[in-house]
Amino acid sequence: MGQNREKVVVAMSGGVDSSVAAALLVEQGYEVVGLFMRVGSHAGERQQARGNGQQERTCDVRIENDSTAPISLAPSTTNIEDVRQGTHPTKNAAQETPAGRERRGCCSAADAGDARFVAGKLGVPFYALNFEADFARIIDHFAAEYAAGRTPNPCVTCNDQLKFGKLLDYADAVGAKYVATGHYARIGERAGRRVLCRARDARKDQSYVLFGVRRPVLDRVIFPLGDLIKDDVRRIAAEHGFPNADKPDSVEICFVPNDDYTEVVRARRPEAFVPGEVVDPTGKVIGRHEGIGNYTIGQRRGLGIAAGRPVYVTALNVLSNTVTLGDAEHLHSPSLIAERCNFLVDIHDLQDFPRDANGGFRAAVKIRYLHTAAPATVHPLEGGRARVVFDEPQRAVTPGQAAVFYDGDVVLGGGWIEREE
């Protein structure tokens, strides 16, 4: 057992990764506070708690510099001073029945039960925070992006705004120095400053979805799983007797029912499903579509067009409400423009950074989560934008996705793809 008594808030999703992250921090001597982020499954969780003979109690915590309404908590005590001082009891948590295995994503009622059970096993305080209103805005943005002909990545947005945004506010409220998650990524050091790095396990690396974390936040983040592989994590969970040791990884977007994102978009942005024309690269009409919200760049299946050869979605034009189909070669782009860039290192202060005559710097750039980072030159532009010029044209550069810049294992930053060139 370590002797580090720094307080750390751990985002516990109910999955095996965040559970083991919490366990490792307890073993290292940190004062751990478990936190589950509720994003809309309150009723189910409360029904489950009643079924286990429990009564849920709530209290409010106001967070400094937060203009929103008080955050609703479900702690094991209603004494607000205990919450702020971190002395709240943890009774009954370990005796709860583990939740069932069926779930939709990382934040279901069943997941809340698993997270609470693990916190009890570890003997750490556990809270469930109500982030439903904040999460609803993330879903609204998701739908708006599809309606605009873009393909969003809500996991990045959730990390930026909730896990390393609102969660830090809560950490401040309870006097915690650090925030930890079960992400597979590492914190390293470069030029005397903390930097975000890829995980040791390249197959599980999640640094791509963390590019939007603000630079100052890196000083307060811990990624306990950064040097582990998944098999190690499951073994540690089994050794602790966690009920989620063999729990399947969540592979779908947690708020998308039946893996059909169009249901979510249609409910919020019905204008994304106005029928229109399908055209070829010359503008010739070759068919009809049932709404731009049904498509994404690079899509091949479900096009409803008998072209006699493989064809792909190469462009979505919201103004003309047209979907353009083309051959595979039409999907390759030599460059892109990224907006809302977030740099995690000070590029201009790095003396060992090669630059071209126009101030561009070399990097390996990922344009989607499963994309292999490609060599490129990144040219920072005014207004938080950047132009990325690839050494070789890349396939399916998709507006709305993230372009993330790497130097070896170090994440230099990234931005949201505005358009391909």
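**α1 and α7**

I started with helix α1 (residues 16-27) and helix α7 (residues 230-239) in this predicted model: their axes come within 9 Å and cross at roughly 70°. Axes here are lines fitted to C-alpha atoms, for helices over the stretch in contact, with angles from 0 to 180 degrees between N-to-C directions. Helices are DSSP runs of H or I with at least four residues, strands are runs of E with at least two, and both are numbered from the N terminus.

I noted the crossing of α1 and α7 as left-handed (near helix turned anticlockwise from the far one by less than a right angle; clockwise would be right-handed).

Who touches whom? From α1 I listed Val 16, Asp 17, Val 20 and Leu 24, which meet Lys 230, Val 233, Arg 234, Ile 236 and Ala 237 of α7. Contact means heavy atoms within 4.5 Å. I sorted the residues of this α1 and α7 contact into six nonpolar, no polar and three charged (Ala, Val, Leu, Ile, Met, Phe, Trp, Tyr, Cys and Pro are nonpolar; Asp, Glu, Lys and Arg are charged; the others, Gly among them, are polar).

**α5 and its partners**

Next I looked up helix α5 (residues 132-147), whose axis comes within 10 Å of the α6 axis and crosses it at roughly 160°. α5 and α6 are therefore roughly antiparallel, and their crossing is right-handed. On the α5 side I found Asp 134, Phe 135, Ile 138, His 141 and Phe 142, and on the α6 side Pro 154, Thr 157, Cys 158, Gln 161, Leu 162 and Lys 166. The classes in this α5 and α6 contact are six nonpolar, three polar and two charged.

Then came α5 with helix α8 (residues 261-268): the axes come within 9 Å and cross at roughly 95°. So α5 is roughly perpendicular to α8. I wrote down Ile 139, Asp 140, Phe 142, Ala 143 and Tyr 146 from α5, with Tyr 261, Val 264, Val 265 and Arg 268 from α8.

**Confidence**

How far does the predictor trust the model? The mean pLDDT is 82, and 80% of residues reach 70 or more; pLDDT is the predictor's confidence in each residue, from 0 to 100. I flagged residues 41-104, where pLDDT is below 50.

**Ground rules**

Residues are numbered from 1 along each chain as its sequence is written, and side-chain values use heavy atoms, leaving out hydrogens and water. As this is a predicted model, local features need pLDDT of at least 70 and side-chain atom pairs 80 or more, while totals for chains, interfaces and linings use all residues.

Definitions and conventions. Angles under 35 degrees count as roughly parallel, over 145 as roughly antiparallel, 65 to 115 as roughly perpendicular and the rest as oblique.
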